Amino acid sequence: DDDDDDDGGCPAPSPARTNENSTTDADRKSDEFVSNPIRSGLRTMLAGKASMEDSVLASMLVATILENDAVDGHVLETLDVFSTFETSLAVYLQRDLAEVHGADVHPPSLNALARGMETCSMVGMMLAERLLHHRFSSCDIEELRDSTRDPFDRYFQTSEWIAALDASLSYFAAYSRTLSQSKNVGDLFAEFTEMEIRRRYAQDAEETHLHPDHHDDIAWVCHLHNFFPSNLIDDAKSLIIDGEDNHPAAGSSNEIEAAKFAIRITLHLRCLKKCIEEFRERCSSIVDPRSNRWYDQDDCVSFRTTQKADDAILVIGGIQTTRLPRVGTDIDLRGRTFFRGSLPTKASPRMTSFRKGTNSNTVSDLAIVIDPSEVYVTRPKRGDPNRCTVLAAIPLRTVVASATEGALLHVAIRRQENVAATQNENNIVKNGKMTLRFESNATSLVVKECLDNYCSAYRSRIASEIDDMLQKLMSEGSQPKSPDPENQEEWADFQGA
């Protein structure tokens, strides 16, 4: 096993002197090493050569060591942790998990595979941070302050783990794209992607209030520290094999669970790479010498574990960064598609449908506004037919289907908690269904057709955004590395400092 051949070992003790005049190698550093079974075992588990549960437990142990400030970089370097563990983690990331999962007689569950990928990838990030901090603390800070070069650039171009991260992200992006085109998955892929984005990203109050001039803007971020392996120390499911976590039976459910798994890993690795790219951009940026980038040593060599959602994540996740009109506020109907209607419990003897600003002598009690991303149920204001008060706001992404029943229109809505409604009009959406009445059967059909067209356009836009994101990730991971020869000598000096 090559784990025992090149694991670095520990220096063998020098032979004791027999007398003062004897000649020994005690005064010289011994080049002989003894086997270190503990480190060899950790390397085996981190490389995924043991069970999936062993890989998770090993990542938890190593993460706990790396988080301990008492274990400094010199200790980790003496134990040869940096290079050997990085190689093992790179091997883990580059495994074809689909084949590993299918080849085993008793394969681990997809949930266990995802947990293993998340924990081992996070250990790789923590290890890279400790390595860079150790090398940086051994350098001449004045030289770095005067230099416009990024001293870490060579590391990122030659690191096995960084290369493995790019390759793994490209692989899972391609795997996700293949599953998105499966007939068994279909439109569910966009829904799974949205659910995973909303599981990972959340509103951040601190980021939201950083720019008081934009008080209506909402910041959504992913906190990677929530995925640190040390967080699983008290998690019973990570310590005990969960019998309910078995692989699903063969069939269409196979592809559905695989799609959830692929989306989960793709978004995790993408977020991880975004944080690393932010670190590289921060270190390589050329700034005014009077306010150099190396002023705060602890900050400049630390990965920021908070990744702000970019435009692709916001669109695919259906996340609103600008606050929608709140229930009870007024909106303007001009330039919008809207229809006059009422709730089914209201009497409507002479209701007239209005579309795109047409006028009539008879006004019903509600106006249903259909926007490209939301549906509003509003009540017109007296004295101003173009102003309405919002009674309910329903995102189009929550609309499952619609059907007519005479003059009635029934709309099925998922996740009713995302729908806002006033207390007085709480029967607008009830048990995941909204029912509206229009003046005639024909009007009801027109409203349904309009709503279906808007929903179809919205879903097509989301599917296109997902495909563009996955293709971009695939192309980025397939691009070969091209190290800068001019940095070879500089990185060698930096590494050996």
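I took a cavity to be a set of points, on a 1 Å grid over the protein atoms alone, where a 1.4 Å probe fits but cannot get out. Volume here is the space filled by probe spheres set on the points, with grid points joined across faces, edges and corners.

The model is predicted: local features need pLDDT of at least 70, side-chain atom pairs count only at pLDDT 80 or more, and totals for chains, interfaces and linings use all residues. Residues are numbered from 1 along each chain as its sequence is written, and side-chain values use heavy atoms, without hydrogens and water.

**Count.** I found four cavities of 30 Å³ or more.

**Largest cavity.** I read its volume as about 80 Å³. I then looked up the lining, meaning residues with an atom within 4 Å of a point. Among them are Ile368, Val375, Ile394, Val399, Met434 and Val447. Strands S8 (366–370), S12 (408–413) and S15 (433–437) and helix H17 (441–478) each supply at least two residues. I took helices (H or I, at least four residues) and strands (E, at least two) as DSSP runs, numbered from the N terminus. S12 gives the most, three residues. I sorted the lining into 12 nonpolar, no polar and no charged residues. Nonpolar covers Ala, Val, Leu, Ile, Met, Phe, Trp, Tyr, Cys and Pro; charged covers Asp, Glu, Lys and Arg; the others, Gly among them, are polar.

**Second largest cavity.** I noted about 50 Å³ of space. Its lining includes Ser176, Phe189, Thr193, Thr266 and Met469. H11 (188–200), H14 (252–284) and H17 each supply at least two residues. H14 has the largest share, with four. I counted seven nonpolar, three polar and no charged residues.

Note on methods
On a 1 Å grid over the protein atoms alone, a cavity is a set of points where a 1.4 Å probe fits but cannot get out, and a pocket is an open set with protein on both sides within 12 Å along at least five of seven lines; lining residues have an atom within 4 Å of a point.
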